[in-house]
Amino acid sequence: MQPILVFGLTANLAAMGELAGHERRGSLVWPARSAIIGIMGAALGIRRDGDFTALDSLEISVAVFDAGVPLRDYHTVETVPSAAAKAPNSRPEALRIAGTRKNTTITLRDYRTDCLYGIAVRGEGLTGIATALRAPCFTLYLGRKSCPLSAPTAAKVVEARTCEDALASLELPPWRPGAIARTLVVADPQGDLVHDVPRDRGHWHFAPRRVALRPVHIAAGGAG
């Protein structure tokens, strides 16, 4: 038996990062390691330039109860070429100087709707993280700031042999009774490559790691 922190993440709208360019920002079907560390850091009150060393050392697994439905949002972005407005003092000034010499492009933002995940964390300092998740310092988002959580995390530390056993005690939102996770995302050196290990948070640089999607059957909803 070992202590394992479990908590839930659910949102009406979620955006879970993958490699992104200017014109398209996609979304994974589960929250990346960097996103979960960010959520725990926000709960603890750690700012982006703060010390994440303790959180970076944690082992994290993700149970996919509901990956939601994909949603694509279209944006039009107006840019001003540097040749059209040299060293403007503000964007309004740049737009005024450029006149009709502006560029307009369409960018894409991908989301997931009505998703539900269970998070299992192993390592040090779990009790403090659980306490913070129940009363977070900063607002918790599942991705972008337009994606706040739609239910409390119900974080708690349980004694269990495996992450699957621990996640069976996850408290589900009252509108999602009987949800069952059939996929568990775990670190695996033989798995698929993802880029979700934070390296430089200020410049949004991420290192690769390998994960496996294991078939499971986790029926959550245990009493708190």
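In this predicted model, helix 1 (33-44), strand 3 and strand 7 each supply at least two residues to the lining of the largest cavity. Helices (H or I, at least four residues) and strands (E, at least two) are DSSP runs, numbered from the N terminus. On a 1 Å grid over the protein atoms alone, a cavity is a set of points where a 1.4 Å probe fits but cannot get out, whereas a pocket is an open set with protein on both sides within 12 Å along at least five of seven lines; lining residues have an atom within 4 Å of a point. Strand 7 gives the largest share of this cavity lining, three residues. The lining consists of Trp30, Pro31, Arg33, Ile36, Ile60, Val62, Val185, Val186, Ala187 and Arg209. The volume of the largest cavity is about 40 Å³, where a volume is the space filled by probe spheres set on grid points joined across faces, edges and corners. The structure holds one cavity of 30 Å³ or more.

Two or more lining residues come from each of strand 3 (59-66), helix 5 (163-167), strand 7 (180-200) and strand 8 (205-219).

Now for the overall fold. Five helices and eight strands make up the elements of the protein chain, and their pattern along the sequence is β-β-α-α-β-β-α-β-α-β-α-β-β. Of the 224 residues, 42% are buried (under 20% relative accessible area; exposed is over 50% and partly exposed in between, with a 1.4 Å probe and protein chains only). Residues are numbered from 1 along each chain as its sequence is written. Local features need pLDDT of at least 70 and side-chain atom pairs count only at pLDDT 80 or more, while totals for chains, interfaces and linings use all residues; side-chain values use heavy atoms, without hydrogens and water.

The predictor's confidence in each residue is its pLDDT, from 0 to 100. The chain has a mean pLDDT of 86, with 89% of its residues at 70 or more. Where pLDDT is low, the predicted coordinates should not be read in detail.

Several single residues deserve a look. Lysine 156 lies in strand 6 (residues 156-160) and counts as buried because its relative accessible area is 13%. Its side chain reaches the backbone oxygen of serine 169 at 2.8 Å. The charged end of arginine 144 sits over the ring of tyrosine 111, 4.8 Å from the ring centre (the criterion is NZ of Lys or CZ of Arg within 6 Å of the centre and within 35 degrees of the ring normal).

Aspartate 114, in strand 5 (residues 103-122), has a positive phi of about 55° although it is not a glycine. This aspartate 114 is partly exposed, at 44% relative accessibility. Alanine 154 also has a positive phi of about 55° without being a glycine; it lies in the loop between helix 4 and strand 6 and is partly exposed at 23%. Tryptophan 175, in the loop between helix 5 and strand 7, counts as partly exposed because its relative accessibility is 48%.

Notes:
Polar contact = N/O pair within 3.5 Å; in protein donor to acceptor, adjacent residues only side chain to side chain.
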